[in-house]
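Keep the sequence and the 3D view open as you read.

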Amino acid sequence: MKRSKSINLETMRKSDALCDTNLDTCRNVENHDKVESHKKVSATRSSLSVAVVATFSMAGCSSDSEEAAVYRSVEDCKDSNPGQAEACQIAYENAEKEAERTAPKYNSQRDCEDEFGYDRCRRHSSSGVFMPMMAGYMIGSMLNGGRYSYNPMFTSYSRHSPYYGNWVGAGGRDYGSRYNSSVRARSGDFQKKPTVTKTMSRGGFGSRAAAASSWSGSRSSGWGG
Amino acid sequence: MLRMPIPERSHWRQQASEYGFNFHTMYGEPYWDESAYYQFTLKQIEEDIEDPTEEIHQMCLAVVDRVVGNDELLRKFQIPPSYWQSISDSWGRKDPSLYSRIDLAYDGQGPAKLYENNADTPTSVYETGFWQWLWLADNARSGHISRNADQFNSLQDKLVERFHFLAQTHFNETLHFACCKDTEEDFGTVEYLKDCAVQAGITCKFVYIEDIGRTQSGEFTDKDDVIVTWIFKLYPWEFMMHEEFGPLIGKNETCWLEPLWKSILSNKALLPLLWELFPNHPNLLPAYFEGDARVNDLKDYVKKPIFSREGANISVFRNGKCTREVPGPYGKEGYIIQAYHPLPQFGDNYTLIGSWLVNDKPAGISMREDKSLVTQDMSRYLPHIIQY
């Protein structure tokens, strides 16, 4: 046979594609999280609660969860895992790197401290914007096919933040009181998260298309060939 | 190779809206045309199209290898010098590609002749991989076409398989898909590729080309300020290289589909280079850069801009006189000359075959018909079958 063996027509349907849409929603949980949590970067505090709600409303997509340990420091990790000093150090460094990449970013120190508390923010190493300092790190294994994964954890000391006193992940997920040394983690928590940043300018691509289409009038066909 | 009339399926327009095929009619004219189909033998498909497609593609890759790192040739390809190193890096790293379409002139016998290579932004992938597949399934079911009939079209299977493979080196990474605003056909194409990627388990997100942003440190971002690390763009490299964000290409962490080295393949300067490296190959037409003395040996020829889309700015010369000229905005980068080899005619129609590749492997064909010798964006798409 020289043609595709079988095509699942349900996945190709667009108009009443319940199944497909659901799938997409599930797949995009992380992105929705990001979109919502990102709004807080533009310093509207009320949207923080939106982020939390969004996270919980999506919780139905995955029922896998595990108890994951949260450590406040490398020392804390070593105390709980004697003989694992090196693993604790590596996990900490990986979580720090992940924090650089995925933590919420703020234009000013004030905006960041407003959310996370006085003296709890620092400059991002390369872009110069502000981000909360990592308050701890979570280690999980079961949900990631037996591989260890590390997530940075943050916490807020700002009384008017909805995260006050709680562990919070880079994507805005609230894990409950920071006095707990373990939290309930879902498989999605350990998936690679997109990097969040500040955009300086847009519109740097597409000008040639605009110029060429003004020659041929409006076109709906496009720039493929 | 025959052109066979067939009744249209009564429900196809409704089916099109169910499946989101919204560009079957463009500018008020039909684009998808199922009033007829093309019929091939298996031998024609395998020996005259499939095998030569793979061979032509390999020859094209040999040209890339020759051009990369050769300043004189890169200049002839009109590639800005600031991109030479990034293109060379992309080729040296073997940055993976997704797909290509080469255009062939073939009338059922003799060698198919290469017209050009759409290696960077090929469209009509949805119509080919899915829509004509569905047309055959429907007609085999209703008995209008023999149940034994087949189609040279494993495009969707191969695309999903390719995405599976690509996902291995982009573990848990989001793949962005981009095209320009207000382009229904491009949007449909990108949505289809996105569907294939989702079927391969990849997390996908759409962003318009015009909405791509940059950070202070030079990373690309989407509309939600998420860094774009891996992106499929249905937008030509030769445009991007001359735009404001162009200088960031290859300098930040974004991986591109198609990769940067494809800018050498989707360039008409490829054609004279192919003829130089593989002279008299049965699937090639003689081709030269404009100004080459050997052009004088060609009685009839076609003049094509180094960069152009959908037949724009192509002119046909017979006995040294221009007999047909398509207007358009392209051509300031120069031209190439290709020997005249008219498309075969079936009734009133000139027929062009698009032959698809996914990851260097032939994956099916698409049929385009035009009332004119030069296939343009108003040409129609017809399905095909293989009759055993």
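How many residues lie between strand 6 and strand 7 of chain A in their hairpin, and which residue in the turn has a positive phi?

## A hairpin in chain A

There are four residues between strand 6 of chain A and strand 7 of chain A, and the turn residue with a positive phi, about 95 degrees, is G172(A). Please bear in mind that this is a predicted model.

To find the pairing on screen, look for N166(A), which stands opposite S177(A) in strand 7 of chain A.

## A three-stranded sheet in chain B

Let us move to chain B. Here an open sheet is formed by three strands in the order 1-4-22, with mixed pairing. Strand 1 (2-5) and strand 22 (384-386) of chain B each have a single partner strand, so they stand at the edges and one side of each is left without a neighbour in the sheet. On average, and with direction ignored, neighbouring strands of this sheet are turned by 35 degrees against each other.

Strand 1 of chain B pairs with strand 4 (residues 36-40) of chain B over four bridges, in the antiparallel sense. Within strand 4 of chain B, A36(B) is the residue opposite P5(B). Helix 2 (residues 42-67) of chain B lies across strand 4 and strand 22 of chain B, and runs at about 75 degrees to strand 4 of chain B.

## Helix 6 of chain B and its partners

Two packed helices are described by the angle between their axes and the distance between the axes. Take helix 5 (residues 125-142) of chain B, which packs with helix 6 of chain B at an angle of about 110 degrees, the axes being 8 Å apart. That angle makes helix 5 of chain B roughly perpendicular to helix 6 of chain B. From helix 5 of chain B, the contact is made by V125(B), T128(B), G129(B) and F130(B), and from helix 6 of chain B by L155(B), Q156(B) and L159(B). By class, these residues are four nonpolar, three polar and no charged.

Helix 6 (residues 155-168) of chain B also meets helix 7 (residues 184-199) of chain B; their axes come within 8 Å and cross at roughly 60 degrees. Helix 6 of chain B and helix 7 of chain B are therefore oblique to each other, and the crossing is right-handed. Helix 6 of chain B brings Q156(B), L159(B), V160(B), F163(B) and H164(B) to the contact, while helix 7 of chain B brings Y192(B), L193(B), C196(B), A197(B) and Q199(B). The tally for this contact is seven nonpolar, three polar and no charged residues.

## Domains of chain B

The domain assignment divides out domain 1 (154-257) and domain 2 (271-339) of chain B. Taken over C-alpha atoms, the centres of these two domains are separated by 33 Å.

## Backbone details in chain B

Most residues other than glycine have a negative phi, and most peptide bonds are trans. With that in mind, here are two spots to check. The peptide bond joining L257(B) and E258(B) is cis, with omega about -10 degrees. E258(B) sits in the loop between strand 12 (255-257) and helix 9 (262-265) of chain B.

The other spot is Q78(B), a residue other than glycine with a positive phi, near 60 degrees. Look for Q78(B) in the loop between helix 3 (71-76) and helix 4 (84-92) of chain B.

How values were computed: Residues numbered from 1 in each chain as written. Chains lettered and ligands numbered in written order. Predicted model: local features only at pLDDT ≥ 70, side-chain atom pairs only at ≥ 80, totals over all residues. Heavy atoms only, no water. Domains from an automatic or database assignment. Axes fitted to C-alpha atoms, helices over the stretch in contact; angles between N-to-C directions. Helix = DSSP H or I, 4+ residues; strand = E, 2+ residues; numbered from the N terminus. Parallel < 35°, antiparallel > 145°, perpendicular 65-115°, else oblique. Left-handed = near helix turned anticlockwise from the far one by under 90°. Contact = heavy atoms within 4.5 Å. Nonpolar A, V, L, I, M, F, W, Y, C, P; charged D, E, K, R; others polar. Pairing = 2+ DSSP bridges.
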